[in-house]
Amino acid sequence: MGNLRLSASIQSWAETEDEKIYAKMQALGYTGLEILPERVFPEETYAHLTGATLFTGYLYQSFGLRIAGLSPVLRGQGKAATNPFDQEMQEDAIAAACRFAASCHCNTLVMECETLPEERFLNTCGLLVSQYNCTLVLEPKADLSVLMLCRYVKMLGIPGLAVCLNVGTMLAGGEKTTDLIEYLPLISHVRICEPDLGAIQPHSIHRELALLLKGLGYQGWITVQMNPADAELTEKSLEYVAETFA
């Protein structure tokens, strides 16, 4: 069984702790960092293409970390446009996120979904992200389950779309890893988090998921996500996930 690639969301700690946490991640064997683009570049975020490339180089040269994904993208864009002008704005937003991702040498865009996005919108997304060799990963939130989203994406069959297996969502809804086996080809991102985004707690689903993903040769990222916590709590969560999924 191969090793799983570990990453963590930059939202899981305070900005003042960045370099300390990066160094800890490197020591634990993490090789990816999922970023919030607006945290790295608060103003005119997606215009900073050169800056994105420089930031990516700094992370890799200093800490051996690659950009594992951009999240969340297209905030509030989960439903189809109702007029051509809105459609054009959506297409511009998708293209801008794809160009920024390319500058980060990253091909994963994570979009949060509280309801099932409309097919027309997803068709637009799939076409555009495929042109940029990117994948739009749909992450279930609120009452939307991982299984429900997997079934929807499989039914649509739109290229360029995938699903994020959000463990916090699974825990909240009582979902089991065995329910998702047939849909694993649709899953390109895994998020280890709690339903309330608190510090990561031990759950049997973590070990089950680690064995399943390793056994099936999963190639995507395993990403830790929390609400911003102090460095000690963050490091303990990173240590637990590294020990469980390494």
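## Report on a predicted model: strands, helices and core

Strand 1 (residues 5–9) and strand 8 (residues 221–224) run parallel and are joined by 4 bridges. The model is a predicted one, in which local features need pLDDT of at least 70 and side-chain atom pairs count only at pLDDT 80 or more, while totals for chains, interfaces and linings use all residues. Residues are numbered from 1 along each chain as its sequence is written, and side-chain values use heavy atoms, with hydrogens and water left out.

### Parallel strands

Helices (H or I, at least four residues) and strands (E, at least two) are DSSP runs, numbered from the N terminus. Two strands are taken to pair if DSSP finds at least two bridges between them.

Strand 1 is mostly covered, with 4 of its 5 residues buried. Strand 3 (residues 66–70) is likewise mostly covered, 4 of its 5 residues being buried.

### The nonpolar core

A nonpolar core is a set of buried Ala, Val, Leu, Ile, Met, Phe, Trp, Tyr and Cys residues joined through side-chain atoms within 4.5 Å. The largest such core has 78 residues, and those with the most contacts inside it are Ile35 and Leu136. Its largest share, 7 residues, comes from helix 6 (residues 146–156). In soluble globular proteins, nonpolar side chains tend to be buried together.

Contact means heavy atoms within 4.5 Å. Beyond its neighbours within four places in sequence, Ile35 is in contact with residues including Ile10, Val40, Phe55, Ile67 and Phe100.

Helix 5 (residues 119–131) has 13 residues and spans 18 Å from its first C-alpha to its last, close to the 18 Å expected at 1.5 Å a residue. That expected span is 1.5 Å times one less than the number of residues. Among the buried residues of helix 5 are Phe121, Leu122, Leu128 and Val129. The helix is followed by Asn133, whose phi is positive, near 60°.

In helix 6 the buried residues are Val146, Leu147, Leu149, Cys150, Tyr152, Val153 and Leu156. Their cover includes helix 5, strand 5 (135–140), strand 6 (161–166), helix 7 and strand 7. Just after helix 6, Gly157 takes a positive phi of about 65°.

Cys150 of helix 6 and Glu182 are 32 residues apart along the chain, and their C-alpha atoms are separated by 9.6 Å. Glu182 is found in the loop between helix 7 (167–173) and strand 7 (187–192). Its relative accessible area is 53%, so Glu182 counts as exposed.

### Aromatic rings

Rings of Phe, Tyr and Trp (its six-membered ring) pair if their centres lie within 6.5 Å; planes under 30 degrees apart count as stacked, over 60 as edge-to-face and the rest as tilted. The structure holds 6 aromatic pairs. One of them is given by Phe41 and Phe100, with 6.1 Å centre to centre and 80° between the planes, an edge-to-face arrangement. This pair links distant parts of the chain, 59 residues apart: Phe41 is in the loop between helix 2 (37–40) and helix 3 (49–63), and Phe100 is in helix 4 (residues 84–103). Both Phe41 and Phe100 are buried.

The pair of Tyr58 and Phe63 is edge-to-face because the ring centres are 5.9 Å apart and the planes stand at 85°. Tyr58 is partly exposed at 29% relative accessibility, whereas Phe63 is buried at 10%. Ring pairs link Trp13, Tyr22, Phe55, Tyr58 and Phe63 into a cluster.

### Backbone particulars

Most residues other than glycine have a negative phi, and most peptide bonds are trans.

| Residue | Phi | Relative accessible area |
|---|---|---|
| Glu44 | near 45° | 65%, exposed |
| Leu197 | about 60° | 18%, buried |

Glu44 is found in the loop between helix 2 and helix 3, and Leu197 in the loop between strand 7 and helix 8 (204–215). A cis peptide bond, with omega about -15°, joins Ser71 and Pro72. Pro72 is placed in the loop between strand 3 and helix 4.

Notes
Buried < 20%, exposed > 50% of the residue type's maximum accessible area, 1.4 Å probe, protein only.
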